Amino acid sequence: MKHIVKIISLLVAISALWIGLLQTSLISPDYPLMLPVYLVVSLGCYGLLMVGVGLMQFPTCPQESMLLQQDIIEAKTFLRQKGVDIGSN
């Protein structure tokens, strides 16, 4: 619930800034109209950055890798017993 309040308050602040920029004539009227586009592009870049950081810090699990390899061998054996052609591997 706390995150929802933070997100809503951030959206209200951005909306107030955007409306304020639209109503003032200090800057060109084209720039405030593009603010939502800039915001969406910025959030997309941030999301890609977080995915990249998460992938770089992804832990390796050698024990889980061994278990996965054992499961693959068991599945291949099971499928061969059922008569399924799984290739030469």
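The legends below describe several views of one predicted model.

Residues are numbered from 1 along each chain as its sequence is written, and side-chain values use heavy atoms, with hydrogens and water left out. Because the model is predicted, local features need pLDDT of at least 70 and side-chain atom pairs count only at pLDDT 80 or more, whereas totals for chains, interfaces and linings use all residues.

View 1. The chain contains three helices and zero strands, in the order α-α-α from the N terminus, where helices (H or I, at least four residues) and strands (E, at least two) are DSSP runs numbered from the N terminus. The mean pLDDT, the predictor's confidence in each residue from 0 to 100, is 83 for the chain, and 90% of the residues score at least 70. Confidence is lowest in helix 1 (residues 2–23), with a mean of 82, and highest in helix 3 (residues 62–81), at 91.

**View 2. The surface of the chain.** Of the 89 residues, 1% count as buried, a class that means under 20% relative accessible area, with exposed set at over 50% and partly exposed in between (1.4 Å probe, protein chains only).

View 3. Residues 33–56 are 100% helix and 0% strand, with their end C-alpha atoms 36 Å apart. Y38 lies in helix 2 (residues 30–56) and is partly exposed, at a relative accessible area of 46%.

**View 4. The cysteines C45 and C61.** C45 is partly exposed at 48% relative accessible area, and C61 is likewise partly exposed, at 41%. The whole structure has zero disulfides, a disulfide being a pair of cysteine sulfur atoms within 2.5 Å.
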